[in-house]
Amino acid sequence: MELNILWFWIIAAMFIGYFVLDGFDFGVGMSLPFLGKDDTDRRVLINTIGPVWDLNETWVIVAGASLFAAFPEWYATMFSGFYLALLLILLALIARGVSFEYRHQRPELKWKKSFDTMIVVGSAVPALLWGVAFGNVVRGVPLDENFNYIGSFFDLLNPYALLAGLTTLLLFFTHGVIFVSTKTEGDIRVRARALAIRSGLVTIVVAASFLVWTTLAYGTLASGILAAVAAVALITAYLANLRGNERTAFGLMAVTIGFAVLTLFASLFPDVMPASNDVANSLTIENASSTPYTLQVMSWTALIAAPVILGYQGWTYWVFRKRISRSHIEAAVH
């Protein structure tokens, strides 16, 4: 396999890691108004992701850096053309991170509610806009002969991309709520599982619509098979949660998100940024990639660094594997 093709799929794997891991962070953040009856409940929810959210977020930094190094033309076109959307994502992530650190600094309820609102917004905006961005990448955008985006921000808000955004929003929300049920005890665990049952039905309908549209309009045989696997995993996750098998449901939601991302990349291949106005202006794996020497250096670096990073992240999850309850928060307060 040529190195540029290999790095196309490595970047796909990085975005899978990011959407699976930071995806449930987004879902937990968005669940605060639904599961957080009082401040203790909200602290329980935040503490489920407290030790890992910033580690999960590093996946997008690594993915962006890899995209810049391996496919600089793709990086330049996407980050300039989608500048406003990506800026909104960045600001939302900053607001969410600040809120995690500052909400407990003062005892006033108004202070905490303000930062809770920032957590909800800072989780929902990226969950929506990442889907919109990838929907536009798969659908194609207008590019000139120098691979510059020549559309407007509102051109990105087309029906297919908005459906992609709604799909990621609902997938991450359900993924996060199921994660809450795997990490908590007592009433909040029961309510989280019930909420996941309700949101899961809506997620199945929306995600199925998006996968069918993707397969029919932009897909290949390979992407159709991947979409089918994602759909089966999502339905099975819903049934597992319905039976109370929360950890199985969470694992299957990870599989769903992983295969959904693979569906998008398989639909895209061998392009990396199709031009909707003229196919001759499309960015492909060939004309967007770095030099073979750069890709060789990146490959050796990844081979050495990846096991260390994955090992450290796995160890972190193992250390913080225990469930959290209201009694833990109340004991810490007193």
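# A walk through a helical model

The end C-alpha atoms of residues 249-269 lie 30 Å apart, and this span is 95% helix and 0% strand. The model you see is a predicted one. Another span to trace is residues 192-213. Its end C-alpha atoms also lie 30 Å apart, with 100% helix and 0% strand.

These two spans come from a record. In an unreviewed entry, UniProt lists residues 6-32, 74-94, 115-137, 157-180, 192-213, 219-240, 249-269 and 297-320 under "transmembrane region". Such annotations may be inferred rather than shown by experiment.

Now look inside. The largest nonpolar core has 95 residues. Which of them touch the most other members? They are Phe 19, Phe 71, Trp 74, Phe 82, Trp 130 and Met 273. Helix α1 gives the most to this core, with 15 residues. Take Phe 19 as an example. Leave aside its neighbours within four places in sequence. Phe 19 is then in contact with Phe 24, Trp 130, Phe 134, Phe 172, Ile 257 and Val 261. One of these partners, Trp 130, is itself on the list of core residues that touch the most other members.

Stay with helix α1, which covers residues 3-30. Asp 22 is found in this helix. Is Asp 22 buried or exposed? Its relative accessible area is 0%, so Asp 22 is buried. What surrounds it? Leaving aside neighbours within four places in sequence, Asp 22 is in contact with Gly 17, Trp 53, Asn 56, Glu 57, Leu 93 and Arg 96.

Side chains of opposite charge can pair when their charged atoms come close. Arg 96 forms a salt bridge with Asp 22, and the closest N and O atoms are 3.3 Å apart. Arg 96 lies in helix α6 and Asp 22 in helix α1, so the pair ties together parts that are 74 residues apart in sequence. Arg 96 is buried too, with a relative accessible area of 0%.

How many salt bridges are there in the model? The count comes to 11. Follow another one. Arg 42 forms a salt bridge with Asp 116, with the closest N and O atoms 3.0 Å apart. This pair links distant parts of the chain. Arg 42 sits in helix α3 (residues 39-49), Asp 116 sits in helix α7, and they are 74 residues apart. Arg 42 has 11% relative accessibility, so it counts as buried. Asp 116 has 6% and counts as buried as well.

Next comes Glu 246, which forms a salt bridge with Arg 189. Here the closest N and O atoms are 2.9 Å apart. The pair again links distant parts of the chain: Glu 246 is in helix α11, and Arg 189 is in helix α9 (residues 187-218), 57 residues away. What about their surroundings? Glu 246 counts as buried, at 6% relative accessibility. Arg 189 is partly exposed, with a relative accessible area of 29%. The cut-off explains the two labels, because buried means under 20% relative accessible area.

Some salt bridges share partners. Through them, Asp 39, Arg 42, Arg 103, Lys 112 and Asp 116 join into one network. The bridge between Arg 42 and Asp 116 has already been described.

Which helix gives the most to the patch? Helix α6 (residues 83-102) does, with 8 residues. Leu 88 is found in this helix. Its relative accessible area is 35%, so Leu 88 is partly exposed. Recall that Arg 96, in the same helix α6, is buried.

Finish with two details of the backbone. Phe 147 lies in the loop between α7 (109-139) and α8 (159-183). Its phi is near 70 degrees, a positive value in a residue other than glycine. Phe 147 has 16% relative accessibility, so it counts as buried. The other detail is a cis peptide bond. It joins Phe 269 and Pro 270, with omega about 5 degrees. Pro 270 is in the loop between α11 (246-268) and β1 (271-273).

How values were computed: Residues numbered from 1 in each chain as written. Predicted model: local features only at pLDDT ≥ 70, side-chain atom pairs only at ≥ 80, totals over all residues. Heavy atoms only, no water. Helix = DSSP H or I, 4+ residues; strand = E, 2+ residues; numbered from the N terminus. Buried < 20%, exposed > 50% of the residue type's maximum accessible area, 1.4 Å probe, protein only. Contact = heavy atoms within 4.5 Å. Core = buried A, V, L, I, M, F, W, Y, C linked by side-chain atoms within 4.5 Å. Salt bridge = Lys/Arg side-chain N within 4 Å of Asp/Glu carboxyl O.
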